[in-house]
Amino acid sequence: MTMKDMETKGTNNKLLYLADIVNIYSWTKYKELLLENAGLQNKKKLFVHKVITPNSPTCVLQEDTEKSQYVIISDEKILRYVSFFLNSSIGKLFLICGEDKKRLTGMTNLSQLRKLQIPSDEDVKYPCEMLELLINYLTSLSLT
């Protein structure tokens, strides 16, 4: 099945631009928003790293973290799905700028994040969200 087939298969089975389903900010813009809205500090956010490697997560879902390059803000359920997708090999491949993507190593930027197309299949979202939740839980267990 090609990307075009996925887009036209049905109304529940399409690709959406990431910028159309979440709010994406640079670290600087996020810090400015925090000054305007202190309540933002307590919301769940997805922190995205600029450097992408195959053996480390592309993004981390949590309440706040040390300086990161990009911040995604949305509903927690949506963030779990986006986190699962961005941390997958496919997500990493689409995020990397430039031509040499063979090693899943490279850099991303704000433009690449915004124009990333993410599958919007309702039948797939829930299992991906639950898998991301389990991955995060197992990761937290290994850190304690």
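Which residues of β3 are buried on one side, and which on the other?

1. Lys-45 and Phe-47 are buried on one side of β3, and Leu-46 and Val-48 on the other, so that both faces are covered. Buried means under 20% relative accessible area, exposed over 50%, and partly exposed in between, with a 1.4 Å probe and protein chains only. Helices (H or I, at least four residues) and strands (E, at least two) are DSSP runs, numbered from the N terminus.

2. On the basis of the note: this is a predicted model, in which local features need pLDDT of at least 70 and side-chain atom pairs count only at pLDDT 80 or more, while totals for chains, interfaces and linings use all residues. Residues are numbered from 1 along each chain as its sequence is written, and side-chain values use heavy atoms, with hydrogens and water left out.

3. Strand β3 has β5 (residues 59-62) as an antiparallel partner, joined to β3 by four bridges. Val-48 faces Cys-59 of β5 across this pairing. With β6, too, β3 pairs in the antiparallel sense over four bridges, and here Lys-45 stands opposite Ile-73. Two strands count as paired if DSSP finds at least two bridges between them.

4. Helix α3 spans residues 27-36, and its buried residues are Trp-27, Tyr-30, Leu-33 and Leu-34. They lie on the same side of α3 because they cover an arc of only 115° around the axis; the arc is that of the directions from the helix axis to the C-beta atoms. The face turned away from this buried side carries Thr-28, Leu-35 and Glu-36, which are exposed. The buried residues pack against β2 (23-26), β3 (45-48) and β6 (70-73).

5. Arg-80 belongs to helix α4 (residues 76-87). Its relative accessible area is 12%, so Arg-80 is buried. Not counting residues up to four places away in sequence, Arg-80 touches Leu-61, Glu-129, Met-130, Glu-132 and Leu-133. Contact means heavy atoms within 4.5 Å.

6. Lys-92 sits in helix α5 (residues 89-95). With a relative accessible area of 4%, Lys-92 is buried.
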